[in-house]
Amino acid sequence: MGWLWAIIVGFVLGLIAKAIIPGKQHSPLWLTTIFGMLGAIVGNALARAFGVEATSGVDWTRHLFQLIAAIVIVALGDGLYMATLGKRKQQRA
């Protein structure tokens, strides 16, 4: 059940990050989901490092860390994806 939640959270975080980043992102949905999952993991680690691992009620601070990490990872990952995709297209031509 943990993997299912990780995929769902990654999917949602990835889509929100894509919506926040200006411009068009070209990475496919499955890769955006993986980037979102990585953002959740990194965000949790950062929240733990800043001492907000668990709070009473909804962990808004932890979710904010997750979203910021997802935005950074989606932006960097999409750039790497496009650099790789662009090189493949140049080699075929």
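**View 1. The aromatic pair of the predicted model.** One aromatic pair is counted in this predicted model, where rings of Phe, Tyr and Trp (its six-membered ring) pair if their centres lie within 6.5 Å, and planes under 30 degrees apart count as stacked, over 60 as edge-to-face and the rest as tilted. The ring centres of Phe50 and Phe65 are 5.3 Å apart and their planes meet at 15°, so the pair is stacked. It joins distant parts of the chain, with Phe50 in the loop between α2 and α3 and Phe65 in helix α3, 15 residues apart. Helices are DSSP runs (H or I, at least four residues), numbered from the N terminus. Phe50 has 61% relative accessibility and counts as exposed; exposed means over 50% relative accessible area, buried under 20%, and partly exposed in between (1.4 Å probe, protein chains only).

Residues are numbered from 1 along each chain as its sequence is written, and side-chain values use heavy atoms, with hydrogens and water left out. As the model is predicted, local features need pLDDT of at least 70 and side-chain atom pairs count only at pLDDT 80 or more, while totals for chains, interfaces and linings use all residues.

View 2. The 19 residues of α1 should span 27 Å at 1.5 Å a residue, and its end C-alpha atoms are 27 Å apart, which agrees; the expected span is 1.5 Å times one less than the number of residues. Buried in α1 are Gly10, Leu13, Gly14, Ala17 and Lys18. Down the helix axis, the buried residues of α1 fall within an arc of 135°, so they line one face; the arc is that of the directions from the axis to the C-beta atoms. Trp5 and Ala19 are exposed on the face turned away from the buried side.

**View 3. The largest nonpolar core.** This core has 9 residues: Leu13, Ala17, Ile21, Leu31, Phe35, Ala40, Leu67, Ala70 and Val74. A nonpolar core is a set of buried Ala, Val, Leu, Ile, Met, Phe, Trp, Tyr and Cys residues joined through side-chain atoms within 4.5 Å. Helices α1 (2-20), α2 (29-49) and α3 (60-92) each give two or more residues to it. Beyond its neighbours within four places in sequence, Ala17 is in contact (heavy atoms within 4.5 Å) with Leu67, Ala70, Ile71 and Val74.

**View 4. Helix α2 and its end.** Among the buried residues of α2 are Thr32, Gly36 and Ala47. Just after α2, Gly51 takes a positive phi of about 85°.
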